[in-house]
Amino acid sequence: MSESETATRLRICPFCEATCGLELELRGRLVAAIRGDAQDVFSAGFVCPKAVALRDLDADPDRLRAPLLRRDGRHESVGWDEAFEAIERGLRPILDAHGPDALAIYLGNPTVHNTATMLYANALQTAFRTRNRFSASTLDQLPKQVACGLLFGTSTSVPVPDIDRCDYLLLLGANPLVSNGSLYTVPDFRGRARRLRARGGRLVVVDPRRSETAAVADRHLPIRPGTDALLLAAIAHWLFAEGRVRLGRLAQWCAGEERLAPALAPFAPARVAARCGVPAREIERLARELSDAPRAAVYARIGTTTTAFGTTASWLVDVLNILTGNLDREGGALFPKAAAFAANTQGPPGRGSGLRLHRHRSRVSGAPEVLGEFPAAVLAEEIETPGAGQVRALLTIAGNPARSAPGSARLERALAGLDFMLSVDPYLNETTRHAHVVLPGPSPLEQSHFDVVFPQFGYRNAARYSPPVFPLARDAMPEWQILLRLTGILLGQGARADVAALDDLAAGLRARAATAAQGSPIHGREPAEILAALAPRRGPERLIDLALRTGPYGDAFGAREGLTLAQLEAAPHGIDLGALEPRLPELLRTPSGRIELAPELLLRDLERLEALLGEPQPELVLIGRRQLRSNNSWMHNLPVLAKGRPRCTLLVHPDDAAPRGLADGAEARLRSRAGELVATVELSSGIARGVVSLPHGWGHDAPGARLEVAAKNPGVNSNRLADARALDPLSGTSVLNGIPVELSAAGGRT
Ligand SMILES: Nc1nc2c(c(=O)[nH]1)N[C@H]1C(S)=C(S)[C@@H](COP(=O)(O)OP(=O)(O)OC[C@H]3O[C@@H](n4cnc5c(=O)[nH]c(N)nc54)[C@H](O)[C@@H]3O)O[C@H]1N2
Ligand SMILES: Nc1nc2c(c(=O)[nH]1)N[C@H]1C(S)=C(S)[C@@H](COP(=O)(O)OP(=O)(O)OC[C@H]3O[C@@H](n4cnc5c(=O)[nH]c(N)nc54)[C@H](O)[C@@H]3O)O[C@H]1N2
Ligand code: SF4
Ligand SMILES: [Mo]
């Protein structure tokens, strides 16, 4: 396309879970404007201010266009072959001498937003047999996945509020007006909440801060951080005590209900009220409203998962949806049915192998394995502690643990001491600056897009595919090919492995699995026939087509009418697959074929929860917050988002500020068991007394990083204060909200 030619292209936004459809106006190789795609079947034109940052990301001069190799402490651009040869030279001796566990992998959040990494990190992971797998999941949503895995049998069977049809929505520890939803793919939460209220429904938000979502709710209940599990247990207690438990049609599929009431006995509203900071009558009112509402749903997110009782709180959320009969019914909390890749649409319906947890423990502190990974919080100690099994090399893909993981000062020191580190990442940032080799994928606009994960949490079922907007830049390598070349190295095929052959292998394995699987619509057919039908597609498109055609709406390769990738290509605004519908019992994959309402692990955790009632309350605790023009740690280099007043401020209630002599704009010292920092105070009466809030993902003043825009407004890294030892023991997820801190003045006004 010449510089003067204009065109319009559609692309799903890769930045957050809302997955909005965008319309891009192009001028030659440049993006002139970005709008919402009004005809998108899923997002109907909604966008947030981050959408336009796609243009800045595409154009960012700091975005790496070629691999980097570290020589004498400096990163230099090199060609792809040289980079892969350096990886082979760096990695091979470590693996040969110390075995597979010497190489750890950390997968960051954008892995899930990128089709190529999502589909090909798997092949890579099977090629190396390390136990040392880490990801941002243990800084985020793993508690919910563990809870849902125990309840329903697969860790991605997460029910979502049927917001467009419900009458009462209770949100805890989530701020979808800013985050745009998480484990809940729901563009335009604001509009939907407005319509919910307009039709007489109610929205109630439980949050220590009067968040943007709380501000548009019918009621906001501030809570002491880390105590949601108590509050939820008390609501369930009330339902039992008042004879309000109404399982309805769910009763036939539930197991263990009789064990709940006795286990919840210690959690009467009056008993938990003081610890939660929520009056007993308010807890009872919540319970009554939830019980009275014709159609209601409870939803909770990161303010509840990244706490010491994350798994138990996540479990109790769905226990409430079940006890009120709202699970799996219209207007309640329903399970999406994704068109492809969903574990709960595979295998024989109604029964499965369930979840296996805590199969082994980490070497140094004995942290549990959960869903095949260890807590990100123990990565540093696994690197720094000598002995058999020590981590000596690290591969990061789309992650910035130096800013996103707790105890980050120690982690950075550990990264600097690795024998070899390799990052697949488009930026030289706080983490990747420690890498010996950095491999950048191309601009998202040069790669196709199909959401592998988020339709599994959609407010509505839909399937959408975006082809690449621009042709691949000269010298760029598609990210799926980068990952396959790394796979080749791990498989011992050397730095110049045949990518096409490895891709055929990956597709062949999936085709064989699909023809072998019980319950698959192509069970018993010849893999060769399936692969022939997929030709001439290659790369991600071949895997997507296979998954769609063997998925619940698929054409089963001609055996029935149904979806194919070709149909999605012909429907650029997507294909709507309808409102969510009940899926029980077909969705279940527990060994018993039932909803396991009272798993032993969780019942036992209620004893630990009861002990919380007797523990002293910290005087002051730190929580995080998200901001509309920021996305975790990595979008602060994009001018359209970076402009405006500094956002990395410490929210302090005036009543907490005054006795410490802190005025608005003052510099304050914040100290925790793990570390300390100085941050700028922003007085706010919207935050509860005894709570302060600092966003995470800042601290862009590290030497050796290449983030020119971000470095002008670096902010401070809140994870210096998060304690790597503080975990939810069930899921291995870090406590990132409710960190005990001390606050004092750090000197004069700025
Ligand atoms: N703009 C923007 N959007 C994002 C992101 C971003 O960084 N910026 N990040 C994305 C990611 S990776 C994720 S995981 C999602 C997260 O999405 P959400 O879970 O919606 O995340 P937050 O906006 O941080 O909202 C969490 C809320 O929990 C509150 N909270 C803190 N501690 C507690 C507590 O103990 N109890 C209760 N009840 N509430 C508490 C906080 O005050 C905050 O309002 O957002 C995604 N979307
Ligand atoms: N204190 C505190 N800490 C937190 C949180 C909190 O609320 N409070 N939230 C936690 C949560 S929910 C999350 S998800 C984590 C996030 O933690 P991480 O996933 O570790 O970090 P991100 O900040 O998302 O950094 C993403 C990295 O991916 C790179 N990247 C972006 N796009 C691509 C791509 O397409 N391909 C590749 N290969 N790389 C790409 C970026 O350059 C950046 O290096 O942070 C967690 N940390
Ligand atoms: S809400 Fe914003 S960042 Fe999220 S997908 Fe939509 S446009 Fe992108
Ligand atoms: Mo996240």
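Is Arg660 buried, exposed or partly exposed? I work here with a predicted model, and in it I find Arg660 partly exposed, with a relative accessible area of 22%.

I then looked up the partner of this residue, and found that Arg660 forms a salt bridge with Glu619, the closest N and O atoms lying 3.6 Å apart. This pair links distant parts of the chain, since I place Glu619 in the loop between helix 22 (600-612) and strand 23 (621-623) and Arg660 in the loop between helix 24 (654-657) and strand 25 (666-671), 41 residues apart. Glu619 counts as exposed, at 66% relative accessibility.

Because the two residues are four apart in helix 2 (residues 80-98), about one helical turn separates Asp96 from Arg92. For Asp96 I noted a relative accessible area of 57%, which makes this residue exposed.

I also checked Arg55, which forms a salt bridge with Asp56 at 4.0 Å between the closest N and O atoms. Arg55 is partly exposed, with a relative accessible area of 31%, whereas Asp56 counts as buried at 14% relative accessibility, the cut-off for buried being under 20%.

For the structure as a whole, I recorded 58 salt bridges.

Note on methods
Residues numbered from 1 in each chain as written. Chains lettered and ligands numbered in written order. Predicted model: local features only at pLDDT ≥ 70, side-chain atom pairs only at ≥ 80, totals over all residues. Heavy atoms only, no water. Salt bridge = Lys/Arg side-chain N within 4 Å of Asp/Glu carboxyl O. Buried < 20%, exposed > 50% of the residue type's maximum accessible area, 1.4 Å probe, protein only.
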